[in-house]
Amino acid sequence: MLRVLVMVSGGGTNLQAILDAVSTQKITNTEIVGVISNNKNAYALERAKAFKIPTSCISPKDFDSREAFYENLLEAVDTYNPDLIVLAGFLVVIPKAMIQKYRNCIINIHPSLIPAFSGKGFYGLKVHEEALNRGVKVVGATVHFVDEGTDTGSILLQKAVEVHPNDTPETLQKRVMKNAEWEILPEAIDLIANGKVKIEKGHTIITE
Ligand code: GRF
């Protein structure tokens, strides 16, 4: 049984997609052992509580330094003894010590087809604003493993979504979440939970 810890900062719609997928067996061989948020007001925490999943809130505001926050964050992660850590809209930079300790065991959902519209500063609505400014016809989402860079780890799954002529950043974000993110993030967890993912020479290989 894969022990999965989900890390959140906001509304938690990706967390909800994961919880629903576990309930309906779209994700098998998996237990969501906990949810950690850096934001005590994150609605994602309510979603976890509704599923009786243990939660922790580790807020940078509660610590005198970034280092102290990072130390406590990693300690909190370790208490859940996770096999896989899923960043589902987690807006905090992951400490290097955590990436090293959980090498190839942390995945992230990014709301673009990496490498497009990714890297420092590309998160939330900005990703979709830039896509519309550039006039791209296709956008999408990516699940990738987390390394020391920003959105630079090996890509596991991607799903494309068409841009509509009258799209706004908000309508585009919603369609990318609904038609791409909420599908490929649960799928990625199920693949990992069932031993179908390996990483060779920095690239992921999915074995059916
Ligand atoms: C999503 O758009 C995801 O792509 C990005 O952060 C947002 C999280 O949304 N990483 P939610 O908290 O899962 O609703």
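This is a predicted model: local features need pLDDT of at least 70, side-chain atom pairs count only at pLDDT 80 or more; totals for chains, interfaces and linings use all residues.
Good morning. The fold contains an open sheet of 7 strands, arranged in the order E3-E2-E1-E4-E5-E6-E7, with mixed pairing. The two edge strands are E3, residues 55-57, and E7, residues 155-162, each of which pairs on one side only. Between neighbouring strands of this sheet the average turn is 20 degrees, with direction ignored.

As background, strands of a sheet pair through backbone hydrogen bonds, in either a parallel or an antiparallel sense. Strand E5, residues 106-110, and strand E6, residues 138-145, run antiparallel and share 4 bridges. Within this part of the sheet, Ile 107 is placed opposite Phe 145 of E6.

Which helices pack on the sheet? Helix H2, residues 43-50, does so, touching strand E1 (2-8), strand E2 (30-37) and E3. The direction of H2 makes about 160 degrees with that of E3. Helix H6, residues 169-193, also packs on the sheet, and its contacts are with E1, E2, strand E4 (84-87), E5, E6 and E7. Relative to the direction of E7, that of H6 makes about 155 degrees.

I turn now to charged side chains. Side chains of opposite charge can pair when their charged atoms come close. In this model the count of salt bridges comes to 8, and I shall present three of them.

The salt bridge between Asp 78 and Lys 101 has its closest N and O atoms 2.8 Å apart. This pair links distant parts of the chain, 23 residues apart: Asp 78 belongs to helix H3, residues 66-79, and Lys 101 to helix H4, residues 96-101.

The next salt bridge joins Lys 159 and Glu 183, with the closest N and O atoms 3.1 Å apart. Because Lys 159 lies in strand E7 and Glu 183 in helix H6, the pair ties together parts that are 24 residues apart in sequence. Lys 159 counts as partly exposed at 30% relative accessibility, and Glu 183 is likewise partly exposed, at 41%.

Finally, Glu 200 and Lys 198 meet through their side chains in a salt bridge of 3.6 Å, N to O. Glu 200 is partly exposed, with a relative accessible area of 39%, and Lys 198 is also partly exposed, at 40%. Thank you.

Technical notes:
Residues are numbered from 1 along each chain as its sequence is written. Side-chain values use heavy atoms; hydrogens and water are left out. Two strands pair if DSSP finds at least two bridges between them. Axes are lines fitted to C-alpha atoms, for helices over the stretch in contact, and angles run from 0 to 180 degrees between N-to-C directions. Contact means heavy atoms within 4.5 Å. A salt bridge is a side-chain nitrogen of Lys or Arg within 4 Å of a carboxyl oxygen of Asp or Glu. Buried means under 20% relative accessible area, exposed over 50%, partly exposed in between (1.4 Å probe, protein chains only).
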